[in-house]
Amino acid sequence: MLSAILVMAAIGLALGVILGWAEVRFKVADNPLVDKIDKILPQTQCGQCGFPGCRPYAEAIARHEADINLCPPGGEHGIRQLADLLGVEFKPLGEGRAPKPKSVAIIDENLCIGCTLCIQACPVDAIVGSSKQMHTIVADVCTGCELCLAPCPVDCIHMEVIHENVGSWKWRYPVFPIHSEPAGTA
Amino acid sequence: MTQPIYSFPGGLHPADHKAESNGRPIAAAPLVPRYQVPLRQHAGQPAKAIVHAGDTVLRGQLIAIPDGRISAAVHAPTSGRVVAVGPHPVAHPSGLADLSVVIEADGRDEAVAMMPLAWRDMDPAELREHLADMGLVGLGGAVFPSHVKLAPGPLAIDTLILNGAECEPWITCDDRLMRERAAEVMRGAEIMRHLLGARELLVGIEDNKPEAVAAMQAACAGGNARVVVVPTRYPSGGAKQLVQLLTGLEVPTGKLSTDIGIQVFNVATAYALQRAVELGEPLISRIVTVTGHVARPGNYEVRLGTPIAELIALAGGELPGASGQLIGGPLMGFDLDTPQAPVTKGVNCIIITSADLFPPRPRAMPCTRCGLCAQACPVRLQPYEMYLYARAKDLDKARAYNLADCIECGCCSYVCPSHIPLVDYYRFAKSELAAREREQHAAELARERHDFHSERLEREKREKAERLGRKASERLEAGAVAADDPEAARKKALLEAAVERARKAKEAAAPPANTDHLSPAQQAEIEAIEARRAQAGLGGGSAPAPDEQPDTVAEKT
């Protein structure tokens with residue numbers, strides 16, 4: 001009887017020690033779900049969701065503090081992927097949020113006074129320039145987040161919609177004209 | 001020695017319509033007054049123009065350089081003056097305009113100095129360097145830059161296949177090329193073999209071109225290349241299908257033929273390579289079939305940049321009842337938006353359509369899952385499943401059915417008894433998936449840059465805090481020394497007293513030099529100033545300390 005209790009207690013102790021060690025040894029620093037959510041988000045860092053960047057929004061979703069339909073640049077496809085990942089119902093983009101056509105910021109170089117405010121605002125370091133020198137935007141890495149528009153004291157930045165070209169053109173979804181049958185042939 | 005012929009699944013036997021255009025020899029198209037040369041005539045990045053409006057150019061002169069690894073150079077098709085570099089119509093299914101160099105021909109057709117190469121004595125690497133700026137691309141339709149395909153990959157190329165199958169109906173440009181210029185084609189193929197170090201060289205030709213087969217066999221006689229006649233069945237001219245026909249090997253999904261040691265080139269590409277090496281002439285012309293509802297169907301050797309309308313006029317013009325133009329064959333081609341678009345490296349055939357030759361496709365009916373499309377598919381896909389998912393825009397599911405392996409040959413659409421334009425759905429789904437991939441790539445880049453940005457801000461903050469901390473501790477240290485060392489405190493007090501004494505002595509000993517012989521008015525003014533200074537607590541007339549100066553300046557700015 002006593003030996004049985006001792007054996008069970010010893011096993012319990014040993015397993016407890018192993019579990020405790022594993023807890024320390026294999027500790028997951030961050031919630032891995034945040035990474036998965038962050039991977040789906042479009043990384044424009046635009047803040048249209050109300051959070052200061054994509055990662056904070058991902059963290060908020062992971063903590064169930066934010067809805068999945070707050071990201072306009074991610075569009076419907078993004079919401080669907082989030083719904084799939086989190087096992088929740090798909091819902092359309094939140095009130096008053098509509099995806100805008102993909103754009104790039106352009107600095108009017110005649111007006112730029114070289115104040116560097118937009119450089120500080122750019123979340124992806126896509127603006128080149130220095131104090132009292134004209135600034136310019138590296139279009140290839142601009143995410144179109146519009147965060148540089150507000151700080152500009154002379155309003156010399158505007159957004160330009162990226163138009164389709166032969167390289168980025170996509171085949172259209174096939175649609176067929178519906179013709180009414182000519183009279184008398186039916 | 002006979003070469004065994006293997007088979008590939010599926011395929012079609014459409015009416016081949018080759019006789020309309022293969023009876024006449026290749027005719028050289030005369031010069032036209034104006035050429036539009038697009039900068040994107042190849043797969044990959046468009047070339048970068050190096051000429052401007054107003055420049056004069058010569059035939060064969062480099063006018064645009066490759067931009068990146070997967071790109072090809074563009075050359076002037078004739079001598080003349082560049083009148084514009086801007087968007088102009090191009091032969092593309094989108095109908096969009098693209099950046100082009102417009103050249104007004106001067107009619108003299110003067111050429112730049114062209115350098116023929118003695119390739120047999122040259123090292124392949126050296127020869128490849130010469131080829132990079134020749135503008136060579138695959139002329140079978142895929143327009144992939146040839147210098148990339150001729151570079152050695154991770155796996156040695158054992159077999160080089162020359163594609164002369166020309167399986168699509170109506171097109172006969174490769175047929176005529178092989179009949180008339182077989183020796184040049186084979187010399188080009190030998191250069192390719194030299195570059196790739198391939199052991200075997202096979203030429204695949206469909207059995208509906210007996211004259212081309214005979215000419216190529218004659219050109220191969222004595223050499224160690226072999227012509228393999230394959231049965232006529234669409235799409236035997238697809239690169240992967242031809243590999244399967246000639247070697248019995250199937251290129252695995254998601255891989256290239258080079259991954260199994262085989263490289264495939266079109267016969268026209270071999271011909272262009274021969275011209276580039278043995279004559280030093282860059283790719284500035286190609287052979288184009290003009291056929292269909294036109295007065296004189298045939299094959300024309302055309303300078304790149306020639307407006308298609310001019311070429312149609314050369315073929316006698318469209319016959320009454322023409323309804324449009326098709327670029328490429330009827331199975332894989334697309335409708336041309338405007339005949340003002342020019343002939344480019346990828347344009348192998350122009351078919352003038354009419355209601356009789358190409359009756360409108362009957363209205364699409366629902367899919368009955370009859371399975372005919374699956375039987376016709378040369379890649380053994382399940383077209384009806386891919387169609388359902390592409391139609392429902394469930395792209396991930398469509399991809400799971402190996403949409404990426406679809407070669408868009410059009411066999412499924414051709415056999416569909418419900419007349420569903422299946423390939424249109426696959427093209428839609430494929431380009432959506434490609435766009436999604438581009439976006440994903442952009443997101444990765446943005447994430448990387450944002451992470452770096454955040455880290456930089458964090459680092460700057462940390463460094464500033466450290467700097468301030470260091471300063472503060474230095475000040476503290478100085479104060480602490482004074483406080484707890486009586487000897488130091490005594491010395492400091494002595495020093496301060498000495499400085500004070502020196503200042504007072506200086507004040508007393510040296511009155512300002514220009515105060516002699518003052519008028520009473522000046523004297524009064526000085527006294528008033530001194531009074532103000534005393535009031536402001538400045539005492540003796542010392543200038544502001546030099547180390548204060550930058551701060552005040554800094555504050556002003």
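This is a predicted model: local features need pLDDT of at least 70, side-chain atom pairs count only at pLDDT 80 or more; totals for chains, interfaces and linings use all residues.
User: At what angle do helix α2 (residues 32-40) of chain A and helix α4 (residues 75-86) of chain A pack?
Analyst: About 160°, with their axes 9 Å apart. Axes are lines fitted to C-alpha atoms, for helices over the stretch in contact, and angles run from 0 to 180 degrees between N-to-C directions. Helices (H or I, at least four residues) and strands (E, at least two) are DSSP runs, numbered from the N terminus.

User: Which residues of α2(A) and α4(A) make the contact?
Analyst: A:K36, A:I37 and A:I40 come from α2(A), and A:G78, A:Q81, A:L82 and A:L85 from α4(A). Residues are in contact if their C-beta atoms, placed from the backbone, lie within 7 Å. The contact has four nonpolar, two polar and one charged residues. Ala, Val, Leu, Ile, Met, Phe, Trp, Tyr, Cys and Pro count as nonpolar, Asp, Glu, Lys and Arg as charged, and the others, Gly among them, as polar.

User: Switching to chain B. How do helix α4 (residues 182-196) and helix α5 (residues 210-220) of chain B pack?
Analyst: Their angle is about 55° and their axes are 9 Å apart. That makes α4(B) oblique to α5(B).

User: What meets what there, α4(B) against α5(B)?
Analyst: B:A182, B:A183 and B:M186 in α4(B) meet B:A215, B:M216, B:A218, B:A219 and B:C220 in α5(B). The contact divides into eight nonpolar, no polar and no charged residues.

User: And the open sheet in chain B, what's the strand order?
Analyst: The order is β11-β10-β9-β12, four strands with parallel pairing. Strands pair if DSSP finds at least two bridges between them. β11 (225-230) and β12 (262-266) of chain B are at the edges with a single partner strand each, so one side of each has no neighbour in the sheet. The twist averages 25° from one strand to the next.

User: How many bridges join β10 to β11(B)?
Analyst: Six join strand β10 (residues 200-206) of chain B to β11(B). B:L202 stands opposite B:R226 in β11(B).

User: Which strands does α5(B) touch?
Analyst: α5(B) packs on the sheet against β9 (159-164), β10 and β11 of chain B, and its direction makes about 165° with that of β11(B). Helix α7 (residues 267-279) of chain B lies across β9 and β12 of chain B, at about 80° to β12(B).

User: How many bridges between β7(B) and strand β8 (residues 97-105) of chain B?
Analyst: Nine, and the two strands run antiparallel. B:A84 has B:V102 in β8(B) as its bridge partner.

User: Last one: how many residues does each chain, A and B, bring to the contact?
Analyst: Chain A brings 21 residues and chain B 23. The chain A side that touches chain B divides into ten nonpolar, seven polar and four charged residues.

How values were computed. Residues are numbered from 1 along each chain as its sequence is written. Chains are lettered from A and ligands numbered from 1 in the order in which they are written. Two residues are in contact if their C-beta atoms, placed from the backbone, lie within 7 Å. Angles under 35 degrees count as roughly parallel, over 145 as roughly antiparallel, 65 to 115 as roughly perpendicular and the rest as oblique.
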